[in-house]
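This briefing is meant for someone meeting the structure for the first time. Please keep the sequence and the model in view while reading the points that follow.

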Amino acid sequence: MKKLMLAGMIVLAFTLQAFAQQEMKVQVPMEKLVIDQSQVPQVVKTAVRKDVADGQPVQWHTFPYVFKKYGWNVINPKLVKKDKKPDQYEVYIKTNHGGRIDAVYGKDGNLVRMREVLKNIELPIKIDDAIAKSQYKDWNISKDKELITVGGEHVKHYVVKLSKGDQHKTLFIDEKGNFLPHV
């Protein structure tokens, strides 16, 4: 009887493990489809030139995601018609000051979201003042910062990494020096 129970428990354990692994398989496209600049609508290329004067596009991609309130959602590739042009385009830009920009534009040329890694820059005074007056006043600020720009209104906030000994913290601060929740 003990052998039968032990055998049953072993079979159950392997079965549960197999189902658990099966549940974990989520199809998220990790690669982007690199496209030639000639496949990007002129209105998108014009918007990029207008928004980013400091650098040249290095690579273009189609972008199989939709920006929702709390992040990116994957567009189900099975629901997209094969001959349909992409709704969004991503561009990777190397800036003249050593940074990089990843930006997503709609097919109409409207900015969806832009992330710029800024190398060795000084933060705007309002942000420096906000950190100096906060609980993080004695923390060290990383040399590299990120500037996130969202939407057609170009709403901007900075991502600032701090450290103090073994502790690390990432702050999200708007241009006026207001601390934001993780965005």
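In this predicted model, Met114 is in contact, once its neighbours within four places in sequence are left aside, with Asp51, Val52, Ile101, Asp102, Ala103, Tyr105, Leu147, Ile148 and Thr149. Met114 also belongs to the largest nonpolar core, which has 15 residues, and together with Trp60, Val91, Ala103 and Tyr105 it touches the most other members.

**The nonpolar cores**

- Helix α2 spans residues 42-51, and within it Val44, Lys45, Ala47 and Val48 are buried.
- Seen down the axis of α2, these buried residues fall within an arc of 160 degrees, and they therefore line one face of the helix.
- The elements against which the buried residues of α2 pack are β2 (55-62), β5 (88-95) and β6 (100-106).
- On the face of α2 that is turned away from the buried side, the exposed residues Arg49 and Lys50 are found.

**Strand pairing around β2**

- Strand β1, made of residues 34-35, is joined to β2 by two bridges in an antiparallel arrangement, and Ile35 stands opposite Trp60 of β2.
- Strand β2 also pairs with β5, again in the antiparallel sense, over seven bridges, with Thr62 standing opposite Tyr89 of β5.

**Strand pairing around β10**

- Strand β10, which covers residues 155-164, runs antiparallel to β8 and is joined to it by two bridges; Ile141 stands opposite Leu162 of β10.
- Asn140 lies in strand β8, which comprises residues 140-141, and although Asn140 and Leu162 are 22 residues apart in sequence, their C-alpha atoms are 5.4 Å apart in space.
- When neighbours within four places in sequence are left aside, Asn140 is in contact with Lys161, Leu162 and Ser163.
- Strand β9, residues 145-150, is joined to β10 by five bridges and runs antiparallel to it, and Thr149 has Lys156 of β10 as its bridge partner.
- The hairpin of β9 and β10 has four residues between its strands, and in this hairpin Gly151 takes a positive phi near 75 degrees.
- Strand β11, residues 167-174, is joined to β10 by eight bridges, also antiparallel, and Val159 stands opposite Phe172 of β11.
- The hairpin that β10 forms with β11 has two residues between the strands, and Gly165 in the turn has a positive phi of about 65 degrees.

**The aromatic pair**

- A search of the whole structure finds one aromatic pair, formed by Tyr136 and Trp139 in an edge-to-face arrangement, with 5.5 Å from centre to centre and 85 degrees between the planes.
- Tyr136 counts as buried because its relative accessible area is 11%, which lies under the 20% cut-off.

Conventions: Residues numbered from 1 in each chain as written. Predicted model: local features only at pLDDT ≥ 70, side-chain atom pairs only at ≥ 80, totals over all residues. Heavy atoms only, no water. Phe/Tyr/Trp six-rings, centres within 6.5 Å; stacked < 30°, edge-to-face > 60°. Buried < 20%, exposed > 50% of the residue type's maximum accessible area, 1.4 Å probe, protein only. Contact = heavy atoms within 4.5 Å. Arc of directions from axis to C-beta. Pairing = 2+ DSSP bridges. Core = buried A, V, L, I, M, F, W, Y, C linked by side-chain atoms within 4.5 Å.
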